[in-house]
Protein chains: 2
Amino acid sequence: MEDATSPRARYRAQVRTEIKEHAWRQIAGAGASALSLNAIAKNMGMTGPALYRYFGSRDDLLTELVTDAYRSLADTFRAASGEGLTGLGHALRGWALADPQRYFLVYGTPVPGYHAPDDVTAIAAEIMAVLLDACATGPAPAPAPDLDAHLAGHRAWDGGHGASEPVLRRALTAWTRLHGVLSLELAGHFTGMGFDPVLLFDAELSAL
Amino acid sequence: MEDATSPRARYRAQVRTEIKEHAWRQIAGAGASALSLNAIAKNMGMTGPALYRYFGSRDDLLTELVTDAYRSLADTFRAASGEGLTGLGHALRGWALADPQRYFLVYGTPVPGYHAPDDVTAIAAEIMAVLLDACATGPAPAPAPDLDAHLAGHRAWDGGHGASEPVLRRALTAWTRLHGVLSLELAGHFTGMGFDPVLLFDAELSAL
DNA sequence: GATTTCCGTGATACCTTCTCACTCATGGAG
DNA sequence: CTCCATGAGTGAGAAGGTATCACGGAAATC
């Protein structure tokens with residue numbers, strides 16, 4: 001009855017993935033704001049309303065793409081989890097450069113009203129866990145007593161990882177610094193400046 | 001004839017600024033993607049097409065808002081230019097928190113096809129000049145020979161400032177690190193984590 | 001006072017998301 | 001094998017968006 005390999009279900013799953021493939025192509029080309037259900041339907045030889053059999057709304061489709069993007073980043077992180085913080089940094093940059101709009105779907109400008117579903121917070125916690133593991137081994141960063149003391153009382157986000165406060169701080173710092181370089185690079189703010197962003201990224205990475 | 005204080009010109013300028021005020025209100029509330037000429041016109045007691053007398057298109061209006069945002073940031077930076085890098089950092093954070101969507105208009109997710117006009121590159125250069133001034137005085141950062149050697153050959157973006165390579169690197173690092181913390185904070189990526197982002201921001205600022 | 005300039009409107013074309021009634025093919029049950 | 005219910009897809013249409021156009025009228029200018 002509810003067999004997952006029912007012909008109907010298989011067809012449905014295939015169409016869903018095909019819709020998402022077209023959606024990713026649109027997003028990679030012109031950003032998330034250019035995602036158009038009508039255009040996807042036309043590209044697939046269907047009419048617009050047909051897509052509402054597969055996704056409840058444009059926002060539902062976009063939310064699923066965001067979740068997939070988070071999952072993709074989590075997979076990339078997990079695959080590079082054995083290579084330390086440096087390996088994690090390079091994996092992050094490679095993942096971001098492979099599809100900048102996908103990076104922006106995760107870390108870009110949020111829509112004020114939008115609330116991420118519980119899925120992505122769980123995946124974000126998994127990403128943070130990998131980052132915390134990588135930050136546990138390595139040199140202790142410069143001391144920051146104020147922040148460490150504050151983190152000691154506000155460390156629920158470590159998900160029971162049990163890392164020391166300097167490790168928590170190192171993870172946060174790695175996150176924000178790498179995102180800082182990467183997001184400005186992907187947004188094109190370095191394009192007119194002439195230098196190679198990878199050297200700046202690697203300098204920040206080795207400073208960690 | 002072409003008097004700037006002609007009744008027509010004064011009225012026109014007033015309507016233009018009123019349109020922009022409504023536009024800022026919309027953007028602050030629901031982001032740049034929610035900017036609607038029709039809604040602005042309705043709020044002003046006009047019909048949609050009337051606004052095309054004042055702005056050539058929705059993109060033209062948005063471009064002007066982006067330019068105004070850059071100019072506002074440049075003004076804020078110039079006002080804080082005497083207070084060193086720490087003052088600049090606090091001025092940046094205050095400016096960003098006052099209107100997060102305005103920050104995202106400058107440093108947020110770009111639309112792939114969009115090209116910024118020459119205005120904003122000039123203003124961006126002015127912002128960079130203030131940052132370079134603030135980075136000239138202060139402790140020398142940790143050495144990074146590779147990046148410094150590369151910057152020595154790719155420093156056209158300093159606008160004839162004549163700063164040394166470590167100073168250029170300090171300015172770039174300050175920019176990317178502060179943007180890293182700030183953009184993640186404004187995007188709400190810290191909301192579920194419990195800690196106070198200002199402490200992380202200040203820690204990065206004092207590490208510079 | 002006559003004329004020109006230009007603001008605002010309504011109509012229109014074309015796009016979007018999204019709902020709804022309907023048709024029709026297909027898969028599963030007897 | 002037959003019947004029927006499930007569900008995919010279509011066309012119409014509402015509501016709202018950008019943008020263009022011709023037109024009327026008010027206001028500034030001469």
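Which element gives the largest share of the lining of the largest cavity?

**View 1. The largest cavity and the residues that line it.** In the predicted model, a search of the whole structure finds one cavity of 30 Å³ or more, and the volume of this largest cavity is about 100 Å³. Its lining is made up of 15 residues, of which Tyr107(A), Ser183(A), Tyr107(B), Gly108(B) and His179(B) are the closest to the centre. Two or more residues each are given to the lining by α5 (100–107) and α8 (165–186) of chain A and by α5 (100–107) and α8 (165–186) of chain B. The answer to the opening question is α8(A), from which the largest share of the lining comes, namely three residues. Sorted by class, the lining holds six nonpolar and nine polar residues, and no charged residues.

**View 2. Chain A and its helices.** The secondary structure of chain A comprises nine helices and zero strands, so that, as one reads along the sequence, the pattern is α-α-α-α-α-α-α-α-α. Taken along the principal axes, the box filled by the C-alpha atoms of chain A is roughly 60 × 50 × 35 Å.

View 3. The same surface serves both copies, since 100% of the contact residues of chain A recur in chain B.

**View 4. The protein surface around DNA strand C.** There are 21 residues around DNA strand C, and those that come nearest are Leu37(A), Asn38(A), Tyr11(B), Arg53(B) and Tyr54(B). Of the atoms of DNA strand C that come within 4 Å of the protein, 65% belong to sugar and phosphate. By class, the residues of this surface divide into 10 nonpolar, six polar and five charged.

View 5. For Asn38(A), a backbone N or O atom lies 3.1 Å from a phosphate oxygen of DNA strand C. The elements that give two or more residues to the surface near DNA strand C are α1 (7–30) and α2 (37–43) of chain A, together with α1 (7–30) of chain B. The element that gives the most to this surface is α1(B), with three residues.

**View 6. The second largest pocket.** The volume of the second largest pocket is about 920 Å³. Its lining consists of 41 residues, and Arg177(A), Glu204(A), Ala207(A), Arg177(B) and Ala207(B) are the closest to its centre. Both chains give elements with two or more residues in this lining, namely α7 (145–153), α8 and α9 (197–207) of chain A and α7 (145–153), α8 and α9 (197–207) of chain B. The largest share, seven residues, comes from α9(B). The lining of this pocket divides by class into 25 nonpolar, four polar and 12 charged residues.

Technical notes:
Residues are numbered from 1 along each chain as its sequence is written. Chains are lettered from A and ligands numbered from 1 in the order in which they are written. This is a predicted model: local features need pLDDT of at least 70, side-chain atom pairs count only at pLDDT 80 or more; totals for chains, interfaces and linings use all residues. Side-chain values use heavy atoms; hydrogens and water are left out. Contact means heavy atoms within 4.5 Å. A residue is near a molecule or strand if one of its heavy atoms lies within 4 Å of it. A polar contact is a pair of N or O atoms within 3.5 Å; within protein, one must be able to donate a hydrogen and the other to accept it, and residues adjacent in sequence count only if both atoms are side-chain atoms. Helices (H or I, at least four residues) and strands (E, at least two) are DSSP runs, numbered from the N terminus. Ala, Val, Leu, Ile, Met, Phe, Trp, Tyr, Cys and Pro count as nonpolar, Asp, Glu, Lys and Arg as charged, and the others, Gly among them, as polar. On a 1 Å grid over the protein atoms alone, a cavity is a set of points where a 1.4 Å probe fits but cannot get out, and a pocket is an open set with protein on both sides within 12 Å along at least five of seven lines; lining residues have an atom within 4 Å of a point. Grid points are joined across faces, edges and corners, and a volume is the space filled by probe spheres set on the points.
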